[in-house]
Amino acid sequence: MSLLGACRWLAETRGSIALHESLYMYPLVESIHVLTLCLFVGMSVMLDLRLLGLVMRHVRASEMAERLLPWMKSGFAVMVITGALLFYAIPVRSYQNIFFRIKMITLVLAGLNAWLFQIGVRRRSAEWDLDPTPPAPARAAGAASLALWAIIIVSGRMIAYNWFDCDKQPQSNFVNWATGCMAEKRPVIPGP
Amino acid sequence: MLWPFFQWCEASAFGTMIRESPWAFAVIESVHLLGLSVIGGAVLLVDLRLLGFGLRSQRIADVARNAYPWLVGSLMVMLLTGVALFFSEPTKCYYSQAFWVKMTSLALAVLFTFTIRRRITMADETRVRPIWFKIVALVSLALWCGVGAGGRWIGFSG
């Protein structure tokens with residue numbers, strides 16, 4: 001089954017329809033998703049600013065990470081659960097939404113950035129832990145993280161707009177390709 | 001008394017411009033959300049510390065002093081973008097309960113943050129009874145949650 005097929009199947013499930021049509025559940029889940037930004041991205045921003053040497057300069061970077069990571073992890077768990085529920089409520093439209101796709105790709109990049117930081121710069125953190133301004137690779141990781149999460153937040157907000165949706169044609173070929181709407185436009189070939 | 005003012009805002013060139021632009025509201029709202037994540041971090045870092053979590057081996061005053069510029073800066077971004085969003089739909093806001101919940105919480109939160117909370121966080125830690133740190137943190141969190149939840153709900157009302 002294609003991904004689009006899987007989304008179509010998901011959209012027909014009872015839970016998806018119930019959440020989609022609910023008067024309060026969907027707005028509630030969305031509110032939790034948005035407000036948990038404060039916890040998850042808020043703590044990440046503070047850690048990134050430390051890596052850039054812009055906040056808590058006298059505190060060891062590792063202490064900052066150690067103390068904030070549990071909060072970031074719980075915040076991230078809430079984000080993933082509520083985010084998955086939001087997708088579950090509106091699978092097909094989300095899957096074919098250009099901003100949703102940008103958000104998912106950027107999420108992977110943010111994960112990659114965190115992983116590279118973990119295996120690279122942080123492993124040698126003993127050398128720079130006390131530096132008020134960490135070395136360039138650590139600063140780069142912090143700046144990249146800030147930029148990537150900003151893109152994730154903005155594209156996440158934009159999912160709500162239907163500017164590039166499949167049912168709003170004509171769109172440019174690029175948009176139709178990027179949103180996967182091409183399949184919709186394929187002419188129906190009569191069977192044998 | 002406020003109704004004519006809200007109507008004036010709605011009819012203003014600024015309000016009309018945002019309302020009629022296909023993308024202005026979306027862009028301003030995105031910046032509003034970016035500000036939210038920074039102010040969230042700046043508030044939480046201090047409130048968690050007051051509750052004995054997060055950067056608990058650092059002095060409260062140190063954490064508060066470090067977070068302060070980010071708190072003020074992001075609050076400015078929130079207010080500027082918030083006013084712009086308001087101008088695009090003032091009459092809708094006037095009839096939205098969520099809007100008034102948000103404005104009331106916001107006024108209280110700002111007042112509390114820059115008076116009592118600032119005093120407590122900057123005070124000599126040994127001379128304040130620990131329970132006060134916790135009370136201040138909980139009041140601060142409750143007020144800012146009111147602002148956030150009210151704000152999100154404006155979008156669902158009307």
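Predicted model: local features only at pLDDT ≥ 70, side-chain atom pairs only at ≥ 80, totals over all residues.

**Stop 1: chain A on its own.** You'll find nine helices and zero strands. Follow the chain along the sequence and the pattern reads α-α-α-α-α-α-α-α-α. The radius of gyration of chain A is 20 Å, well over the 16 Å that the globule rule gives for 192 residues, so chain A is more spread out than a compact globule.

What share of the residues of chain A counts as buried? The figure is 32% of the 192 residues. And take the contacts in chain A with a separation of 6 or more: 78% of them are between residues 24 or more positions apart.

**Stop 2: a helix pair in chain A.** Next, select residues 25–51 of chain A, which make up helix 3, and residues 61–89 of chain A, which make up helix 4. Two packed helices are described by the angle between their axes and by the distance between those axes. For this pair in chain A, the angle is about 155° and the axes are 8 Å apart. Angles over 145 degrees count as roughly antiparallel, and helix 3 and helix 4 of chain A are therefore roughly antiparallel to each other. Their crossing is left-handed. Colour the contact between these two helices of chain A by class and you get 21 nonpolar, six polar and two charged residues.

**Stop 3: where the chains touch.** Bring chain B into view. The contact takes 24 residues from chain A and 21 residues from chain B. Which helix of chain B gives the largest share of the side that touches chain A? That's helix 3 of chain B, with 12 residues. On this side of chain B, helix 3 (24–50), helix 4 (60–88) and helix 7 (130–154) each supply at least two residues. By class, the side of chain B that touches chain A has 11 nonpolar, eight polar and two charged residues.

**Stop 4: a helix pair in chain B.** Helix 3 of chain B passes helix 4 of chain B in a left-handed crossing. The contact of these two helices of chain B has 22 nonpolar, six polar and two charged residues.

Terms used. Residues numbered from 1 in each chain as written. Chains lettered and ligands numbered in written order. Helix = DSSP H or I, 4+ residues; strand = E, 2+ residues; numbered from the N terminus. Rg over C-alpha atoms; globule rule 2.2 N^0.38 Å. Buried ≥ 20, exposed ≤ 12 C-beta atoms within 10 Å, placed from the backbone. Contact = placed C-beta atoms within 7 Å. Nonpolar A, V, L, I, M, F, W, Y, C, P; charged D, E, K, R; others polar. Left-handed = near helix turned anticlockwise from the far one by under 90°. Axes fitted to C-alpha atoms, helices over the stretch in contact; angles between N-to-C directions. Parallel < 35°, antiparallel > 145°, perpendicular 65-115°, else oblique.
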